[in-house]
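Please have the model open as you read.

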Amino acid sequence: MKKNILTAVLMASALTFTSCLNSDGDNQQKTTINYGNNMCFNVVTDLNDPESTFISTAPNYITEINFTDAAGVISMSNIKLTPEGSNLTFKLPALPLTVNNTEYSYNLNGTLITPEGQADQLVFNKVGFSIIERNIQISGQWLYAPVYKMGFTVNGDYEITAFPTAYYFPGDKITSTLLTPGEDDEPYTDENAVVSIILSTDKTDSQKLTATLTLYDVKLNSTMSAVTFRAENLPVSYDRAGFTIHTDENTAYGLKDAAGIMKDCKISNINIRTSVPSGVSTMSFDVDLSALNPQRPIKPVNVTADRLTYHYPQNSNK
């Protein structure tokens with residue numbers, strides 16, 4: 001069984017796994033994963049008052065994976081259970097390693113776990129850690145963009161989910177519909193774009209979030225060239241299950257590309273919902289890029305995606 005797990009992991013993503021494996025004197029295949037600090041923040045929920053959540057910034061998770069033994073040890077620090085509580089440090093005993101060959105992930109899960117060196121009254125009712133090894137193609141270049149999923153509950157009272165600060169959704173069906181369609185106009189669907197969302201905590205108030213939304217290499221109709229644009233400082237609300245980006249109906253945001261401000265281009269009516277840790281998202285917004293080419297204006301459209309995920313569609317050639 002252990003040999004099969006190691007083989008499955010190596011097959012899942014040979015480029016990234018091979019580089020991080022190493023052998024010690026006992027011929028053990030191991031790797032260490034560091035996840036935390038500016039890569040994520042914790043959303044903490046008091047399960048006795050599920051509407052009460054807060055953000056705890058800069059947690060740190062170190063996971064030591066032993067592929068030979070099919071097990072892993074998670075150490076965590078800078079963990080808060082209450083807004084005014086102290087930063088806590090935990091080390092969990094070894095958890096069994098499993099591999100999901102469908103999503104190319106490996107996973108550590110356990111229930112009713114007492115951290116090492118802790119009294120029996122502190123118990124992790126459940127804990128789960130996953131990493132999906134993944135590369136995303138953007139503008140012809142490959143970006144290593146692994147997906148981390150981390151969550152646990154403590155004493156049945158506190159639920160902690162690590163929210164990644166960066167989300168990349170590749171190659172899904174992104175549909176553009178003219179805001180004022182003619183009789184023969186049909187929606188256009190692009191399956192080659194990449195959507196990214198980058199979350200930031202406010203420098204003066206860590207409980208406030210803003211987002212940068214970027215669409216890479218997207219086409220809004222069949223005749224235009226692919227473009228990349230982004231909108232910054234978008235308002236974000238969050239709860240224990242994920243986050244929402246919602247802008248007021250009459251508020252438009254300027255757009256930027258690699259060269260800077262895209263003059264007179266704008267985005268509005270943004271509605272995005274992302275579930276955490278699954279990453280499944282829906283997206284809708286209006287965008288006006290007509291100023292990009294005044295001679296052949298790109299007509300304003302409503303852009304939608306019904307299901308963005310971390311994975312390329314199964315029929316994708318990427």
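Let us begin with Lys149, which is buried (under 20% relative accessible area, against over 50% for exposed and in between for partly exposed, with a 1.4 Å probe and protein chains only). Lys149 belongs to strand β13, residues 147-154; strands (E, at least two residues) and helices (H or I, at least four) are DSSP runs numbered from the N terminus. Leaving out neighbours within four places in sequence, the contacts of Lys149 (heavy atoms within 4.5 Å) include Glu103, Phe129, Pro277 and Tyr310.

**The model as a whole**

This is a predicted model, in which local features need pLDDT of at least 70 and side-chain atom pairs count only at pLDDT 80 or more, while totals for chains, interfaces and linings use all residues. Residues are numbered from 1 along each chain as its sequence is written, and side-chain values use heavy atoms, with hydrogens and water left out.

The chain averages a pLDDT (the predictor's confidence in each residue, from 0 to 100) of 89, and 90% of the residues score at least 70. Over residues 1-23, however, the pLDDT is below 50, and this stretch has 36 contacts in the model beyond near neighbours in sequence. The chain holds 2 helices and 25 strands. Of its 318 residues, 43% are buried. Among contacts between residues at least 6 apart in sequence, 53% join residues at least 24 apart.

**Salt bridges**

How many salt bridges does the rule give? The count comes to 4.

| Pair | Closest N to O distance |
|---|---|
| Glu232 and Lys256 | 3.1 Å |
| Asp239 and Arg273 | 3.1 Å |

Arg240 is partly exposed at 32% relative accessible area, whereas Glu159 is buried at 17%.

The salt bridge of Glu232 with Lys256 ties together parts 24 residues apart in sequence, because Glu232 lies in strand β20 and Lys256 in strand β22 (residues 252-257). Glu232 is partly exposed at 25%, and Lys256 is partly exposed at 29%.

Asp239 and Arg273 also pair; since Asp239 is in strand β20 and Arg273 in strand β23, parts 34 residues apart are tied together. Asp239 is partly exposed at 30%, and Arg273 is partly exposed at 26%. Salt bridges with shared partners join Arg230, Glu232 and Lys256 into one network.

**The cysteines**

The structure holds 0 disulfides (pairs of cysteine sulfur atoms within 2.5 Å). Cys40 is buried at 2% relative accessibility, and Cys265 is buried at 4%. Cys265 is placed in strand β23, residues 260-275. Its C-alpha atom is 7.1 Å from that of Ser290, 25 residues away along the chain. Not counting residues up to four places away in sequence, Cys265 touches several others, among them Tyr253, Leu255, Asp288 and Leu292.

Methods:
Lys and Arg count as positive and Asp and Glu as negative; His and the chain ends are not counted. A salt bridge is a side-chain nitrogen of Lys or Arg within 4 Å of a carboxyl oxygen of Asp or Glu.
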